[in-house]
Amino acid sequence: MTALLTRIRRNRPLWYNTASLEAITRVLSVYVSHLSLTNFRNYHQLELDVPSGLLIFSGGNAQGKSNLLEAVYLLSIAKAYRASSDREAICRTALEDPEHAQVLGIVQRERDRVRIMVDMRLGGPADENERPYLHKDIRVDGIHVSASDLVGVVNAVLFDAEDIQLVMGSPATRRRYMDILICQLDRVYLRSLQKYQKVVYQRNHLLRLIRERRSQFEELAFWDEALVQEGVYITLKRHQVVQELRHLVSNLHSELTESQEELTMDYVPGVPLEGLEREDIQRSFERAMEEGRGREVALGASQWGPHRDDLRLMVGGMEAASYASRGQARTLALTLKLAEGTLLERERGESPILLLDDVLSELDISRRRRLLEYVSRSQQAIVSTTDLDRIEKSFLVNATNFQVEKGNIKPI
Amino acid sequence: MNYEFLPSVAAPLARVIQEFHKLPGIGPKSAQRLAYYLIRMPAEEAQSLAEAILAVKERVTFCNICQNITENSPCYLCSHESRDRSRICVVEEPMDVLSLERTQAYKGLYHVLHGVISPASGIGPENLKIRELLERLKGNDVQEIILATNPSLEGESTAMYVHRLLSPLVSHITRLARGLPVGSDLEYADEVTLSRALEGRQEV
C-alpha cells in the first residue's frame, strides 16, 4: 500500500521550476484500455474495450457521445465538466439504485496499469438550494484518494464547443485557462490563488466601508500587504507560463493553418509593470496601490492585480476577440488547448489523452486534416462527430471506429 | 422547508422543529429527529432541558476583565491567585480558552476578542473587544502579549491590527508558532505548512 501511495504521489504535478523542459526527452505512453459505466448519464450499463491511437465515435445528437468523453475526463480530473454540478451526472431513470453512478477505467501506462474508479452517490443533507448532496468516492487500484490526489494520475485535455469562449469570451475565461494550466504544474499556485481571491473579496468590502466612512484607511494595511504578496507570485507565474506557451502557440497555429495566419499571444498584467523581475513586480504593485487608493475607495473595488489580467490574442495583427471569424476563433481555441496538452506533456513526460468533443464541424477541410494529423500522433485521441463524412478516408482507415446509439456502443 | 405551513405537522411540533433548525450544524432532518425525540421524553427531562436553556441566558455573563463567558465577574481565571498576571493571551473565541487550558502549559491570563476582523461580514476592529484590551493594559504591568488568533486570513489580519495598536504599549508581543503537527509525517505535510515550519525552525 505504501508503494502505491508513493506511486500516486510521484505522479503528482511537478514543481514548475524544478524540471527543465529539455530534461525529459522520451514521452511515456498512457491510454485508457477499458471503460465501465454504470448509471452514468444515459449509460445504464456499458463495458467497452478500446485500443490506443485514434478513436472515432460517431452518432446522432443526444445518443451519448459527449457523455462517453466526459466519463474519460472524469477519470482525469474527478469532476464532470459539462454538468454545472456533478449531481446531473447520475442517470435518474435507472431502475436499480437510481442514486448511484460509477465510472471505472483501466489505464495502461508504460510499466503498469491502474484501475481508477469514481463512485458517485446522492444522499445526505440537502444544500441551501434543496438539492441533495453528492458523495464522491475515488479509488486508484482500490485505495481511496482525494480528488486533488487523482490529478496527475492520468492527464487528459478536453476540447469542446465551449472552448471558443477562450477567444470570444471575457478575460475571465482566459484567466481561468491560465489558472487551470498552472495549477497542474505548481501546487503552491492554487493555494496562492485561493488566498488572493479571499483577500480581494475582503478588501473590496473594506473599501466600500471606508467609502461609507464606517471604517478607517489604516485598516487597509494588512489587506494591501496580503494582496501584494499573493498578487506578485500569481503575476510572476502567469508571466513565466505565457512565455513558455507563446512559442508553442504560434508554432501550433501555423501548423494548423499551413502558415497562412500568424498568431501572437501576450500576457496583459492587471498592474502596469515596470519590469519582469520579482522586485520590479513588487514595486509596481506597491506603487499602483499607493497612487490608486483614492480611486479604489471611490469605486469600492480593488483595481489593480491579477484579477484584472488578460491574455491578448492577435491574428494577423488584429485583436482576435473583436475581429476573428468563427472558424478562426475555433482554430485559435484548439491551438490554445493543444498547447496546454503539449506543455503538460513536456513537464510531466507523459502524453495526455486528447478528447475532442464535436469540434470538427466548424473547421474547413484543410484545418480539419491538420488537426487530425496532429492528434493522431498522440498516444490516444478520442474524437466524437455527428458526421463520419467530415472525416477523410485516410483517417478512418487508421482509426478505430464506434457507433453510438441510445447509450449503446458498437464497433464498426 | 417551512413546517409552519404544513397542516400535517401539529403547530407546537412545527415550532420546535423550526427552532432546532436555527441552531448551527442542525439540518432539517436532524431538527425533525430531535423534535420527535422530545415528544417521547419524560416531562421532567423536558423541563430540565428548558430550564438549562433559560439559565444559560440568564446566569451567564461576560467577565469584565478578559471578556470570557462566566457566571461571576471577574471570572475564575482572572481572579485566581496563581495565574501569571504579566502575560495575556489574545484569542478569538471563548472555546479557544478551553483548548489552551487543556494544554496545562500556559499559566497566564486571557483576553477574548469575540470574533475576527472581516470586512465582508461587516466586522471591523470596533466590533471586537479591542478597546477593552487597551483599557486592561493601563496601570497593569503586562510583559507579554501572545497573539493566538487562528492562522486564517482573518485571524492574521486581526493579529496584525492588534500588534500595531499595542506595540507602543507592550515590550514583548509574540505570535503562536506555525508548523508541523505533532506525530505527523513530513511526507504528508503540504507545501505551505512545510515551508512555514522551515521558516520557524529552532536551535536544538
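**Close-up views of a predicted two-chain model**

**Figure 1. Overall make-up of chain A.** Of the 412 residues of chain A, 56% count as buried. The model shown here and in the other figures is predicted. Chain A holds twelve helices and 15 strands.

**Figure 2. The interface of chain A and chain B.** Chain A brings 21 residues to the contact, and chain B brings 19 residues. About 1800 Å² is buried between chain A and chain B, and carbon and sulfur atoms give 62% of this area. On the chain A side, A:R191, A:Q202 and A:F222 together supply 28% of the area that chain A buries against chain B, more than any other three residues.

**Figure 3. Polar and charged pairs between the chains, and the elements of chain A that carry the interface.** The rule finds one salt bridge across the interface of chain A and chain B. This salt bridge pairs B:R164 with A:E225, and their closest N and O atoms are 3.9 Å apart. With both residues at pLDDT 80 or more, three residue pairs are in polar contact between chain A and chain B. Three helices of chain A, namely α1 (2-10), α6 (187-211) and α7 (220-256), each supply at least two residues of the side that touches chain B. With eleven residues, α6(A) gives the most to that side of chain A. By residue class, the side of chain A that touches chain B divides into ten nonpolar, two polar and nine charged residues.

**Figure 4. B:S157 and its contacts with chain A.** B:S157 is found in helix α7 of chain B, which covers residues 153-166. Its relative accessibility is 4%, so B:S157 counts as buried, the limit being under 20%. Leaving aside neighbours within four places in sequence, B:S157 is in contact with A:F222 and A:W223 from chain A and with B:I117 from chain B. A:F222 is also one of the three residues named for their share of the area that chain A buries against chain B.

**Figure 5. Domains of chain B and a cis peptide bond.** The domain assignment of chain B gives domain 1 (3-59) and domain 2 (80-203). Taken over C-alpha atoms, the centres of domain 1 of chain B and domain 2 of chain B are 37 Å apart. The peptide bond from B:S73 to B:P74 is cis, with omega near -5°. Most peptide bonds are trans. B:P74 is found in the loop between β2 (69-70) and α4 (76-79) of chain B.

**Figure 6. Two loop residues of chain A with positive phi.** Most residues other than glycine have a negative phi. A:R213, which is not a glycine, has a positive phi near 55°. A:R213 is found in the loop between α6 and α7 of chain A. Its relative accessibility is 74%, so A:R213 counts as exposed. A:D358 is not a glycine either, and its phi is positive at about 50°. The loop that holds A:D358 runs between β12 (353-357) and α11 (365-376) of chain A. At 30% relative accessibility, A:D358 counts as partly exposed.

**Figure 7. Surroundings of A:E261.** A:E261 is found in the loop between α7 and β9 (263-268) of chain A. With a relative accessibility of 18%, A:E261 counts as buried because the limit is under 20%. The side chain of A:E261 makes a polar contact with the side chain of A:Q328 at 2.9 Å. A further polar contact joins the side chain of A:E261 to the side chain of A:R367 at 3.4 Å. Not counting residues up to four places away in sequence, A:E261 touches A:H253, A:S254, A:V315, A:Q328 and A:R367.

**Figure 8. A:A147 in helix α3 of chain A.** A:A147 belongs to helix α3 (residues 147-150) of chain A. Its relative accessible area is 39%, which makes A:A147 partly exposed. Not counting residues up to four places away in sequence, A:A147 touches A:A78 and A:I138. The C-alpha atoms of A:A147 and A:R213 are separated by 44 Å, and the two residues are 66 residues apart along the chain.

How values were computed:
Residues are numbered from 1 along each chain as its sequence is written. Chains are lettered from A and ligands numbered from 1 in the order in which they are written. This is a predicted model: local features need pLDDT of at least 70, side-chain atom pairs count only at pLDDT 80 or more; totals for chains, interfaces and linings use all residues. Side-chain values use heavy atoms; hydrogens and water are left out. Contact means heavy atoms within 4.5 Å. Buried area is the accessible area (1.4 Å probe) that two parts lose on being put together, summed over both. A salt bridge is a side-chain nitrogen of Lys or Arg within 4 Å of a carboxyl oxygen of Asp or Glu. A polar contact is a pair of N or O atoms within 3.5 Å; within protein, one must be able to donate a hydrogen and the other to accept it, and residues adjacent in sequence count only if both atoms are side-chain atoms. Helices (H or I, at least four residues) and strands (E, at least two) are DSSP runs, numbered from the N terminus. Ala, Val, Leu, Ile, Met, Phe, Trp, Tyr, Cys and Pro count as nonpolar, Asp, Glu, Lys and Arg as charged, and the others, Gly among them, as polar. Domain bounds come from an automatic or database domain assignment. Buried means under 20% relative accessible area, exposed over 50%, partly exposed in between (1.4 Å probe, protein chains only).
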